[in-house]
Amino acid sequence: MSIATHALQYGSGVFGGIRGYVQPDTSVHIFRLNDHVQRIRRSARLIGISIDPDEEKLTKIIIELVKRNQPAQNFYIRPFAYKSGLDLPPGMHGVADGLAIYMASLGKFLGTDEKGVLVKVSSWRRVSDTAVSARGKISGAYTNSSLAKDEAVELGYDDAILLNESGSVAEASTCNLFMVRDGQLVTPPVSENILEGITRKSVMQLAKDLGIEVVERTINRTELYIADEVVLCGTAVELSWVSKVDNQVVGSGQKGEVFSKLSKAFHDILTGKSDTHKDWLTSVSW
Ligand code: PMP
């Protein structure tokens, strides 16, 4: 690949991040593969990359990749559609498109299950839909996540919470956010400059299954300080609970009840212990 590749120079790529879970027999479960394939296609449309082959073919290629690799550990699949032409100007019209897919082992991502995640409200704001959309996974826009994450880690936190340009809570550097207030599970709507997260959608469904009321509304920064629980979710982090926001203890400072229920329901599905939402898993064996 040339150093002059448009996507490398201008961040004109879109990607997916999909998890696979190894099962006790020689099979794996891929989590919400169809939704991920659909989102890659939507992300591509956001910046005018055309993905060939079609949705079904792309799904088949991903399954074939997994079969050929025969993973022995939980893993992550990264499809990447990008402007592969070598054009010098930033314009994307007429620049060739490319598609590559790779996979790698992936265990725990944040590794903070017992102490909870320490987050800091970032001095960086989430990219705005009026500039580069946050709703899809656009490579160039991830510099925003990188800056926020690095700032937080350098200051001793695990992750950053980004506010949007209006000053409302958007999401963490690579995960969506929920808070629990008075028994309601609250999350910012997709119009608040957040990634349209697939784990977010799953958590909302699981909450409904458990009889927990879900509300999509604007969240103010200081609501996080008085929330009963703050929960992060995403493909890599799965479900994680936040123990402190800006050094303020969230709720009791312990793993919360709502988090525990959601996390159990989520893991029961991934491990095949639950009979619900079987359609979220694509079983692959070789
Ligand atoms: N927000 C951002 C910025 C992300 O990078 C991710 C990870 N894909 C998420 C949220 C969570 O999305 P998903 O559940 O679809 O992985």
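A residue counts as near a molecule if one of its heavy atoms lies within 4 Å of it. The model is predicted, so to speak of its local features pLDDT of at least 70 is needed, while side-chain atom pairs count only at pLDDT 80 or more and totals for chains, interfaces and linings use all residues. Residues are numbered from 1 along each chain as its sequence is written, and side-chain values use heavy atoms, with hydrogens and water left out.**Exercise 1. How many residues surround the ligand, and which are the closest?**

Let's start with the shell.
- Step 1: the ligand is surrounded by 16 residues.
- Step 2: the closest are Arg39, Lys137, Tyr142, Thr199 and Thr235.

**Exercise 1. Which side chains have an N or O atom 2.6 Å from an oxygen atom of the ligand?**

Here we look for polar contacts (pairs of N or O atoms within 3.5 Å; within protein, one must be able to donate a hydrogen and the other to accept it, and residues adjacent in sequence count only if both atoms are side-chain atoms).
- Step 1: Arg39 has such a side-chain atom, 2.6 Å from a ligand oxygen.
- Step 2: Tyr142 has one too, at 2.6 Å from an oxygen of the ligand.
- Step 3: for a ligand nitrogen, turn to Glu171, where a polar side-chain atom lies 2.7 Å away.
- Step 4: on its own the ligand has 390 Å² of accessible area (Shrake-Rupley method, 1.4 Å probe), and the protein covers 97% of this.
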